[in-house]
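Hi everyone, thanks for making time. Let me put the structure up, and then we can walk through a few bits of helix packing together.

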Amino acid sequence: MSLVTISETRHAPPVLKTVLRAVGLVGLSVMAILAVGADVFARAPLGEINLGPPLAFPSAAFPFGTDEIGRDVLSETLHALAYTASRAFMGMLPAVLLGELAGFAAARFPKVIGGFIRWVADVLGAVPTLLLAILAIATQHAAFAPLAAGLAATPLAFARAFDRAAGEERSALADYAQMTGIPAATLFRRDFIYEFRERIFSIAARAFAAVMITLSTASFLGFGITPPARGLGLMIAAARQDYFTAWWTAAFPALALILLVLFARLAAGLEEGERP
Amino acid sequence: MGRLLFRQALRFVSGLGGAAVLAAALAALSIPGATAGGVPYVLAVLGRLGAMTQFDFGSSQVSGESALESVAAALPYTAGLLGLSAIVATAIGVPLGLVLGRASGRRLIVPFIQVVAATPVFCASLALAWISVTVFGIHPMLPAGGLFNGSVAQTLALPVLTVGLAGAGAVQLALHRVAAEIQDQPWRSGLRLMGLPQFEIDRLYVAPQMFAGLFANLGEVALAMVSAAAVAEWVFGWPGAAILFVKSLAFADWDVAALVLLVLAAIKFAADLVGAFACDALIGERAA
């Protein structure tokens with residue numbers, strides 16, 4: 001058995017994790033198709049009222065039932081899924097760029113500067129992400145919500161990437177490479193490319209899950225997405241007055257939200273209970 | 001121990017200082033003319049920071065009373081909720097973390113845990129409320145007066161369960177991470193070869209490491225529970241500090257929001273400090 005084979009065997013990912021990751025990727029693809037093709041798959045345009053009797057139980061005619069003003073819950077859920085997923089995708093970008101990428105780069109800064117930026121991330125990270133997002137939305141405006149959710153997720157993402165990169169910089173391999181005359185900038189470029197070539201999808205999926213949860217919770221609490229736009233969080237909030245008797249008005253949008261977050265978590269390879 | 005004390009105290013003080021600057025930056029928005037930005041805003045922030053050092057946190061623009069009084073009235077509810085939820089988080093999270101730390105245990109319940117972890121707190125709280133009403137016939141009620149006034153099942157159970165489950169997720173993650181790390185450590189097999197029973201190895205060597213790992217992540221657990229508390233307080237009408245923060249932001253009551261932000265950040269930094277000391281007391285170093 002060669003050294004290469006031994007090292008590959010020792011570092012082979014657990015089978016369960018690989019299977020879950022594949023499930024996440026497939027699920028995320030299906031949800032993406034549903035979101036992009038919502039106008040095609042939905043049986044009614046967004047917000048069309050009086051399609052059926054109010055608060056009708058799920059049936060063959062209305063698989064997800066109807067809500068208090070006769071809207072088809074299936075169509076509304078698809079439209080809300082498309083809206084929420086597209087906004088979460090927008091919000092994911094600052095979390096990846098200013099969080100993960102910037103954190104990785106900042107670990108290479110001079111110690112004082114890197115340490116100060118890390119301290120700022122610690123202070124911002126001491127406030128729960130949800131409350132930080134609501135704070136950003138309240139000081140700006142509702143349309144800022146996707147970016148606010150992304151920016152709120154940035155401190156934790158930054159701290160994570162910074163700590164990981166700082167550990168790599170101190171590794172023996174980095175020391176040996178520098179002793180042989182390889183400049184620090186070349187090492188950084190190499191590490192940056194390897195880090196994000198292998199992990200960019202996982203990083204993006206993790207950020208997407210974090211922003212999804214923050215954005216939908218903020219709109220449930222009344223911040224962010226406002227009518228006539230309808231996201232999943234707002235849909236669930238609107239169903240609060242009826243859902244004890246008409247459970248389908250909240251259950252199906254909640255299920256769509258949970259599935260989207262679940263597939264993003266699995267695709268990101270998050271451990272059980274790990275927060276995005 | 002002295003170096004640890006100094007280092008952790010420095011982290012606590014610097015973190016609290018940073019949180020105070022953040023709170024002052026928020027509170028400065030309530031000063032007329034400060035929102036123009038630039039020098040007036042910076043002066044307003046410095047002024048607010050100076051006032052904070054004299055325990056002047058401004059006044060509520062909604063009720064007119066001092067921000068300190070508004071927050072002091074709401075804080076006991078949040079503190080009570082977090083305290084009771086910590087018991088639930090420990091009771092559920094510790095056994096779960098120990099089970100998930102073993103490879104055989106993980107395979108069985110990993111899919112279930114992943115689904116539960118993907119459920120946003122507001123969905124979980126609504127689901128619990130629905131089960132409580134439709135299955136058990138117990139309607140959630142607002143706490144009337146003090147924390148333990150009224151029926152415990154109607155006022156306390158659902159908020160405590162919601163926040164407790166969120167905390168349990170964070171507790172089990174901290175435990176099972178450490179357990180997974182030390183699962184294949186060579187010293188475990190070495191101790192077995194020396195004839196030590198598995199139970200003694202777990203009791204004397206493994207358990208302190210695992211709980212040290214939990215204490216090292218106490219700040220993360222506190223953060224998860226405070227975030228869940230904000231949602232639970234909203235859903236169940238709990239008059240706590242977290243929902244006071246949300247309502248203050250909705251009404252642009254910046255002074256009150258700033259003080260609550262400072263308190264919540266202080267909770268996290270205090271949890272980090274306590275956790276670091278507990279971790280050091282257990283194993284004499286900070287667990288990875």
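Which residues in α3(B) meet α10(B), and which in α10(B) do they meet? Before I answer, a quick note on provenance: this is a predicted model, where local features need pLDDT of at least 70, side-chain atom pairs count only at pLDDT 80 or more, and totals for chains, interfaces and linings use all residues. Residues are numbered from 1 along each chain as its sequence is written, chains are lettered from A and ligands numbered from 1 in the order in which they are written, and side-chain values use heavy atoms, with hydrogens and water left out.

So, the answer: Thr78(B), Leu81(B), Leu82(B), Ser85(B), Ala86(B) and Ala89(B) in α3(B) meet Met225(B), Val226(B), Ala229(B) and Glu233(B) in α10(B), with contact meaning heavy atoms within 4.5 Å. By class, that gives seven nonpolar, two polar and one charged residues. Nonpolar here covers Ala, Val, Leu, Ile, Met, Phe, Trp, Tyr, Cys and Pro, charged is Asp, Glu, Lys and Arg, and the others, Gly among them, are polar.

Helix α3 of chain B spans residues 67-100, and its axis lies 11 Å from that of α10(B), at an angle of about 120°. Axes are lines fitted to C-alpha atoms, for helices over the stretch in contact, and angles run from 0 to 180 degrees between N-to-C directions. The helices themselves are DSSP runs (H or I, at least four residues), numbered from the N terminus.

Now α7(B), residues 157-183: it packs on α10(B), residues 218-236, at about 155°, with axes 8 Å apart. The two are therefore roughly antiparallel, a label for angles over 145 degrees. Their contact has 13 nonpolar, two polar and no charged residues.

How values were computed
Angles under 35 degrees count as roughly parallel, over 145 as roughly antiparallel, 65 to 115 as roughly perpendicular and the rest as oblique.
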